[in-house]
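Hello,

Here is the structure I promised to pass on. Please open it alongside this email, and my notes follow below.

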Amino acid sequence: MGKKSREKGKRGERELAKLLISYGYDARRGQQYCGANGDADVVGLPGLHIECKWVENLNLSDAMAQSERDAKQGEIPVVIHKKNRHPWLTTMSAVNFVNMVAETTLLRSFPNTFVTIPLYDFWRFTTDISVRRGIQMEGWVKLHRKTLDNPMVCKDADHLAVWVYLLLKASHGTCPAIFKGEKIMLQPGQLITGRLKIAADLSVNESKVKRILNAFKTDQQIDQQASNKNSLITILNWESYQKIDQHTDQQMTSERPTTDQQVTTNKNEKNIENEKKVNNKTSNAPVADDSKYQYKEIVEYLNMRTGKSFQVGSKDTRRLIRARINDGFTFDDFRRVIDIKSAEWKGADMDKYLRPATLFGTKFEGYLNQKGGKKIEEPGRNTEPDETDIVRRAIEQGAGAEGFEW
């Protein structure tokens, strides 16, 4: 091989590595650091031995034979190749391709058959397979006993089934994926799925799956970004209850229990440790800091404006208030939202939606920026109510007009 051909080969390897990096892989030239040591031309795709060829007239049989010869045990030999001004293509044996994509032995009777597809499509196949097989489906997830206290998740058996399904299908690490036709990196607690897939896997009516997912989103259990084919679902607060204690996991791996009694003991010890962590998180939170959420003031103002009787101690209401305060909203923002929506909905068909779940949910900012309602005076200005204000508020709370001197 001449010097010019070798230089072209190196450029091809660098270009291919750069392209694979853009797809989310930690790729590099195989001989970049170690010299000619039998490594693949480009490394970084687990389980594949890649031979990179940038030539105008490629003998695919010879290239595949080289890849098969150099591939290590357990690696799938692949040739990724291109011509000038043409896209990269991927060639592998039909047996490996079909086994990888369809897990079938259909083409095993044709061991010398090759399959060539565009590199982008090959990446989509391998990404989907890695997500289905290796990244999401191995291992286990935590399911806290307090799940039973969640009224939304435990509304009925189908709600619980969908929730557990999302937990089990969510990625526990970062991995590349395709969403809306673009490459993204799934983060822990995320998954790409659709209601048809969930309905089929759980034997639940599709329309009910849609309602359940919408309810989870409204209740801020999940976030959901939809496309015309599927949805990107993010389980909120995933890290807070799925984070694994590395030391404990290593100990469980290296010192695997040998009896059922030991397994039970270790599980109980783990449960105790988890309870301690949860309790410590609660006990370590400053008591005084809780006052910043003004649960009592917000709920009482809501009750006063709507004529309803929501409970200050409701866990769901407190969670919504806490989420909005943590987003940077203030007590005056709550008052303004309550004022705007009360003026718009009270006494009308929408009156039933004058409730914390609706007002303090994900549409809070939209309500806040809606035109209308009584403007809240800024701090520092004279907010002393006049006589008309006092009479109006008293009448709103049930007092009769005859009780006042005019």
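The notes below start with the whole chain and then go through a sheet, the helices around it and a few single residues.

This is a predicted model, in which local features need pLDDT of at least 70, side-chain atom pairs count only at pLDDT 80 or more, and totals for chains, interfaces and linings use all residues. Residues are numbered from 1 along each chain as its sequence is written, and side-chain values use heavy atoms, with hydrogens and water left out.

Whole chain

The chain has 16 helices and eleven strands. Helices (H or I, at least four residues) and strands (E, at least two) are DSSP runs, numbered from the N terminus. Of the 406 residues, 34% count as buried, where buried means under 20% relative accessible area, exposed means over 50%, and partly exposed lies in between (1.4 Å probe, protein chains only). Among contacts (heavy atoms within 4.5 Å) between residues at least 6 apart in sequence, 59% join residues at least 24 apart.

The sheet

Three strands form an open sheet in the order β9-β11-β10, with antiparallel pairing; two strands count as paired if DSSP finds at least two bridges between them. The edges are β9 (190–193) and β10 (222–226), and each has a single partner strand, so one side of each is left without a neighbour in the sheet. From one strand to the next the twist averages 20°. The angles in this email run from 0 to 180 degrees between N-to-C directions, and axes are lines fitted to C-alpha atoms, for helices over the stretch in contact.

β10 and β11 (residues 231–235) run antiparallel and are joined by five bridges. In this pair, A226 stands opposite S231 of β11.

Helices on and beside the sheet

Helix α5 (residues 157–169) lies across β9, β10 and β11, at about 95° to β11. Helix α7 (residues 206–218) lies across β10 and β11, and its angle to β10 is about 125°.

α7 also packs against helix α6 (residues 195–202), at an angle of about 115° and with the axes 9 Å apart. On the α6 side the contact involves R195, L196, I198 and A199, which meet E206, V209, K210 and L213 of α7. By class, the residues of this contact are five nonpolar, no polar and three charged. Here Ala, Val, Leu, Ile, Met, Phe, Trp, Tyr, Cys and Pro count as nonpolar, Asp, Glu, Lys and Arg as charged, and the others, Gly among them, as polar.

Two loop residues with positive phi

Q220 is in the loop between α7 and β10. Its phi is positive, about 60°, although Q220 is not a glycine. Q220 is buried, with a relative accessible area of 15%.

N237 is in the loop between β11 and α8 (238–242). N237 is likewise a residue other than glycine with a positive phi, near 60°. Is N237 buried or exposed? At 58% relative accessibility, N237 counts as exposed.

T358

T358 is in helix α14 (residues 356–359) and is buried, with a relative accessible area of 16%. A polar contact of 2.9 Å joins its side chain to that of R355. A polar contact is a pair of N or O atoms within 3.5 Å; within protein, one must be able to donate a hydrogen and the other to accept it, and residues adjacent in sequence count only if both atoms are side-chain atoms. Leaving out residues up to four places away in sequence, T358 touches W345, Y353 and Y367.

Regards
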